[in-house]
Amino acid sequence: EVVAISSSNKKEDIAKEKGAQHYIDTSNTDSINEHNDSLDLILNTISAPHSIRTFLGLLRTNGTLVQLGAVVVPMDFMNIALIRQRKSISGSLYGGLKSLQDCVDFCVEKDIYPDIEVVDHSRVDEVFITLASSQSSGIRYVLDIEASL
């Protein structure tokens, strides 16, 4: 099963449209409590400073939190959360071209595709403003370099 996690309920509909069976709103204590100690794996893509304590509580025994977002400040968590239930924290950039290709192949096989919008250089400021406003559309922006030359 796929569980989507976000800091509000704004992205619940799009997460479920994209295939998530469950949704955890980390700003809602009931939502967190419903899923505590239930997840085997969390892929954390947040690249801004944040606490991972909530994520560790969501992992079951032997669960792993994989840090994919590069946070440039120290992460804050209690190591007892790892020790008691043999939880792990790991990290990955993308693992090289073979790993990246394996990921793309997996997404194709499972029919997982992002919603994208291709933009040229004239819209870069607009895109940054949209991204900074915590937009909930789930759209990923792709800069068309050739059209921008």
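Where is the place of Leu97? Leu97 sits in helix α5, which covers residues 97-109. Before I go on, please note that this is a predicted model.

Let's stay with Leu97 for a moment. Is Leu97 buried or exposed? Exposed, with a relative accessible area of 69%. Leu97 also belongs to a nonpolar patch on the surface.

Now the inside. In soluble globular proteins, nonpolar side chains tend to be buried together. Here, the largest nonpolar core has 11 residues in all. Among them are Ile24, Ile32, Leu39, Ile42 and Ile52. Phe55, Leu56, Leu58, Leu59, Leu65 and Leu82 are in this core too. Which elements supply at least two residues each? They are β3 (39-44), α3 (53-58) and β4 (59-67). Of these, α3 gives the most to the core, with three residues.

Take Ile42 from that core. What does Ile42 contact, leaving aside its neighbours within four places in sequence? The list is Ile5, Phe55, Leu58, Leu59, Thr64, Leu65 and Val66.

Next, charges. Side chains of opposite charge can pair when their charged atoms come close. How many salt bridges does the structure hold? Eight. I'll pick out a few.

Start with Arg60 and Asp40. Their closest N and O atoms are 3.5 Å apart. Arg60 lies in strand β4 and Asp40 in strand β3, so this pair ties together parts that are 20 residues apart in sequence. Both ends are partly exposed: Arg60 has a relative accessible area of 36%, and Asp40 has 48%.

Back to helix α5. Lys98 and Asp102 form a salt bridge there, at 3.1 Å from N to O. Why about one helical turn between them? Because Lys98 and Asp102 are four residues apart in helix α5. Lys98 is exposed, at 62% relative accessibility. Asp102 is partly exposed, at 40%.

One more pair. The side chains of Glu126 and Arg123 meet at 2.9 Å, N to O, in a salt bridge. Glu126 is partly exposed at 42% relative accessibility. Arg123 is also partly exposed, at 24%.

How values were computed
Residues numbered from 1 in each chain as written. Predicted model: local features only at pLDDT ≥ 70, side-chain atom pairs only at ≥ 80, totals over all residues. Heavy atoms only, no water. Patch = residues over 30% accessible without salt bridge, like charges linked within 9 Å, V, L, I, M, F, W, Y side chains within 5 Å. Areas by Shrake-Rupley, 256 points an atom, 1.4 Å probe, with all protein chains shown as cover. Salt bridge = Lys/Arg side-chain N within 4 Å of Asp/Glu carboxyl O. Buried < 20%, exposed > 50% of the residue type's maximum accessible area, 1.4 Å probe, protein only. Core = buried A, V, L, I, M, F, W, Y, C linked by side-chain atoms within 4.5 Å. Contact = heavy atoms within 4.5 Å.
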